[in-house]
Every structure is written in structure tokens, then in C-alpha cells.
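User: I am new to this structure and would be grateful for a close look at a single part of it, described in a connected way.
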Amino acid sequence: MNDNTAGSLLERAWLTRGPLARTLLPLAWVFAALTAARKLLFRIGWLRAHALGVPVVVVGNLIVGGAGKTPTVMAVVALLRRHGFTPGIISRGYRGTAGNTFGGTLEVQPQTAPAECGDEPWLMRWRTGVPVFVGRDRAAAGHALRRAHPAVNIVVSDDGLQHLRLARDAQVLVFDERGAGNGWLLPSGPLRESLPASVPARSLVLYNTNSASTHLAGSLSVRSLRGAVQLAAWRAGQPASITAFELLRGKALTAVAGVARPNRFFEMLRAQGLQISTLPLPDHFDFASLPWTPDTPDVVVTEKDAVKLDPTRVGATRVWVVALDFGLPPAFEEALLDLLPAPPTPAPKFAHGNQTA
């Protein structure tokens, strides 16, 4: 992948307050003014937040790009189910055609094409088994979910921190190793909104890193690789196994990752003793054509990438899907539950998905 693309140059500029970032400051001031005006309209009641009639947990981030929202959503869903809730998920459906029209919604089904709903909503439906609706308007997606699944008694929003039309009971702010970058708003920095001086009300901070990357008090996620499984078996519902890494050690592997932070995936593979050559791809890469040569013997990919790979297209290449285990610290779980009402008893249950988070 070419690291000199405009996007890569801008991402590097967002980490410092260098010449390019400073040149874009006037546009950041305009963005800040528009953001402040919009928040004011909601505060004075000219614009209204829509309640869904059940508790809502929003998982989002202040910084652009992937910071670990999707695995956090799946871990939150697993937590809620363990404590008697019947959750559903709503998402923007980024890069999916269904999320392009404001007000339009789509329920993600096993037969839904990832190109229609987005790769992350498809993966969340696959991994959790709970209802997932996508739509540009999160409030509309939430109402559609509740109409279709009245047993759902709590909604988790994948992203939507800045989607003020959606009323929420709790927020989870997710940060990765970038923290707040250079601390400036778009486009001179990576922030969608200013980093607050302290953790906002009814909010929790989760760091998808080995240490805190901002001044905000928060918890550290617990991340590890669950194991690997061949693509066709993964599609059939077979879970990843840690013993598969024993089969892969000593092989010449090509590690492919179309995710926001591919190097994190590569480092976790190396920590398992795997010998890899790396092939980083743009986030949400569509795999319309295979990025490796036909004579490549073994390829390892993330689950997010596996969503878009048909086993019949990979030829003689053995494609291994590597699953991530993502855990929430006990103190974080307790704090999140404290922000929510007690679940109804008894709680209806949905069938489990392929693998729970």
C-alpha cells in the first residue's frame, strides 16, 4: 500500500501540529462553529433528540477512523445478555449502500450482502446473533428495530456519538493509541469534537490500547487472539481454535488486513510465533479482486475481511480467519450497568450467533 496517498499524508499530519495541519486550521474553525451551533440548537430545543422507549448505549469515538468500536459493541452486547437484557444493535452501515439514504433502514440478515449493509454490521450480526439494523439516521434505525423485534429491551448503537438525534442513557468513548492526535478538530486534526476536560456525564472511557492515550480517566480493554479457522469452516459456523496456530507456525504466511490499524493485527500474529509477510490494505477494502497472487499458499485475514471473501473465489490458497477476543474489565462492566435500569424479568432470548464476543 502506498503510504504517500493524500489520506495517509493527512493522517500523519493529524499526529503533529505541523505545516499541513496549521494550513487547514481556518477550516477547522468553521467546523468548530458549525458543531457548536448544532449542539446549541439541541440544547435550546429547536432540534430534538428521539428516544427509543428503551435504554440506549452509544459506543463511539471522538477521533476519526477505527478505534475499536465494533469489538466494543460486541463485548457490550455479550455483557448485557449475561445480565438479563435482550439487546439489539443499530449502525450507520459505513460503506454499505443501505446506509446512504437518510431515513432508510435495513435489517441485516444472514443472506444480506456485506456490500449492502457494510462489513462491520454483517460481522456483528454473525458474531452476536442479535438483531442488527443499519441506517444513516440512527433514530430511524432504532425505531425500525423495535417495531420488528418488540422483545428487544435495550439498544446498542455502533458509533453515533455525534448523532444527537438519538437520545441515549449511556455513552462509551473508545480511544486507540492515537489518543486525540494533535488535539485539533477536522480537517486540521482528527477530532470530530473537542476533547473534553473531564469524562462527560453518563459516559465511560475505554482504551483499546496497552495504556491510556489521553488525560481522561478510563479502563483498558483486554485483547487477545482467539485462534484461527479456515474460511469455509468459519462460514459454516465453526469457531476459531487456538490450536490452529500450532499448524501455522513454521509456514510462510501472508497476513492481509483491510482494517484501520493493520499493524496491530500483524503484531498480534507475530506474538503467536507466526512468520508473516504483511499486506496492509485500505480500511473496508472490498475484495472485489483478490490482493494476493494465485500461487500464495496460506493467507491469514481478520474476521472483518473474511466477511467479504467467498470460499469459492480463493482457489488453491488456504485462507485462515483469525478471531479476536475482546474483553471488558470488571470495573468497567459494573460502571456501565450502574448507568442502566435493571432488565425486565424474565428476559426473552435470541439464538446465539456464530461466536459471542
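Analyst: Helices α4 and α6 are roughly parallel to each other, a term for angles under 35 degrees. The model is predicted: local features need pLDDT of at least 70 and side-chain atom pairs count only at pLDDT 80 or more, while totals for chains, interfaces and linings use all residues. Residues are numbered from 1 along each chain as its sequence is written, and side-chain values use heavy atoms, with hydrogens and water left out.

Helix α4 covers residues 69-82 and helix α6 residues 119-128; they pack at an angle of about 30°, their axes 10 Å apart. Axes are lines fitted to C-alpha atoms, for helices over the stretch in contact, and angles run from 0 to 180 degrees between N-to-C directions. Helices (H or I, at least four residues) and strands (E, at least two) are DSSP runs, numbered from the N terminus. To this contact (heavy atoms within 4.5 Å), α4 contributes Thr-70, Val-73, Met-74, Val-77 and Arg-81, and α6 contributes Glu-120, Leu-123, Met-124, Arg-127 and Thr-128.

The sheet comes next. Eight strands make up an open, mixed sheet in the order β3-β4-β2-β5-β1-β6-β7-β8; two strands pair if DSSP finds at least two bridges between them. Strands β3 (105-107) and β8 (219-220) are at the edges with a single partner strand each, so one side of each lacks a neighbour in the sheet. Helix α4 also packs on this sheet, where it touches β1 (56-60), β2 (87-91), β5 (154-158), β6 (170-175) and β7, and its direction makes about 170° with that of β5.

Terms used
Parallel < 35°, antiparallel > 145°, perpendicular 65-115°, else oblique.
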